[in-house]
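Visitor: Please take me through this structure, and set each value against the definition that stands behind it.

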Amino acid sequence: MRSSKGCLAWLGLVWIGTAIGCSEAPPPDLVDRLRALEKPHIVLVVVDTLRADAVGAYGAPSNVTPELDRWSQRGVVFERVFAQSSWTKISMASVMTSLWPRSHGIRGARDGLSDGAVTLAEILHGAGYATYAVQTNGWLHQSFGFHPGFDRYVFPR
């Protein structure tokens, strides 16, 4: 943790993840608690199939990923992360809902998030955050239910 704002964001995300992961629905006071925070900026960067050793913050030559390296100096770098699946669609459903794969509803190519799955974006939006997503992976298309809670969910061509 490299800054107090980054620390707040990290603690908030860990707390959100813990709270949501324990049950199908977040605790009723979660949004109120988030509203009481200073609203640190939260940027979640997810890159499919990028090895850690190809990023400067994790040991690659510093000129390989200069912008990510700058962000890592001002934010939080997670050094031990595990995927819930080898498939992007299932893993991202777990990242966005903090649910185990058996609970979020995605098991096959045609599946979308279950109706009871609450996304991180929905919780942050409810707490007054502006939420925006840019993604280019077809498995995360809004038809699979990844878009709730985002003010804008963009899939550039």
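Guide: A place to start is Ser 98, which follows α4 and has a positive phi, near 60°. The model is a predicted one, in which local features need a pLDDT of at least 70 and side-chain atom pairs count only at pLDDT 80 or more, while totals for chains, interfaces and linings use all residues. Residues are numbered from 1 along each chain as its sequence is written, and side-chain values use heavy atoms, with hydrogens and water left out.

Visitor: Why is α4 described as mostly covered?

Guide: A residue is called buried under 20% relative accessible area, exposed over 50%, and partly exposed in between, with a 1.4 Å probe and protein chains only. In α4, nine of the ten residues are buried, among them Lys 89, Ile 90, Met 92 and Met 96. Over the whole chain of 157 residues, 33% count as buried.

Visitor: Why is Thr 119 called buried, and what does it touch?

Guide: Thr 119 has a relative accessibility of 1%, which is under the 20% limit, and therefore counts as buried. Thr 119 lies in the loop between α5 (101-104) and α6 (120-126), and beyond four places in sequence it touches Met 96, Thr 97, Leu 113 and Pro 148.

Visitor: Is Thr 136, by contrast, buried or exposed?

Guide: Thr 136 is exposed, because its relative accessible area is 61%, which is over 50%. Thr 136 belongs to the loop between β1 (132-134) and β2 (152-154); leaving aside neighbours within four places in sequence, Thr 136 is in contact with Phe 155 and Pro 156. Thr 136 and Val 154, which are 18 residues apart in sequence, have their C-alpha atoms 8.3 Å apart in space.

Visitor: What makes a set of residues a nonpolar core?

Guide: The members must be buried Ala, Val, Leu, Ile, Met, Phe, Trp, Tyr or Cys residues, joined through side-chain atoms within 4.5 Å. The largest core has 15 residues, of which Ile 106, Leu 113, Phe 146, Phe 150 and Tyr 153 touch the most other members. Helix α4 (residues 88-97) gives the most to this core, with four residues. Apart from it lies another core of seven residues, including Leu 34, Ile 123, Leu 124 and Ala 127.

Visitor: How do you know that Arg 70 and Glu 67 form a salt bridge?

Guide: The term asks for a side-chain nitrogen of Lys or Arg within 4 Å of a carboxyl oxygen of Asp or Glu. The closest N and O atoms of Arg 70 and Glu 67 are 2.6 Å apart, so the pair falls within the 4 Å limit. Both residues lie in helix α3, three residues apart, about one turn of the helix. An α-helix has 3.6 residues a turn, so residues three or four places apart point the same way. Arg 70, at 40% relative accessibility, counts as partly exposed, and Glu 67, at 39%, is partly exposed too.

Visitor: How many salt bridges does the structure hold?

Guide: There are two, and one of them joins the side chains of Asp 53 and Arg 51, at 2.6 Å from N to O. Asp 53 is partly exposed at 45% relative accessibility, whereas Arg 51 reaches 57% and counts as exposed.

Visitor: What makes Val 43, Val 45, Val 47, Leu 50 and Trp 71 a nonpolar surface patch?

Guide: Patches are made of residues with over 30% relative accessible area and no salt bridge, like charges being joined within 9 Å and nonpolar side chains (Val, Leu, Ile, Met, Phe, Trp, Tyr) within 5 Å. Leu 50, for instance, has a relative accessible area of 39%, which is over the 30% required. The five residues make a patch of about 430 Å², an area from the Shrake-Rupley method with a 1.4 Å probe, in which, for residues, only the protein chains shown count as cover.

Methods
Helices (H or I, at least four residues) and strands (E, at least two) are DSSP runs, numbered from the N terminus. Contact means heavy atoms within 4.5 Å.
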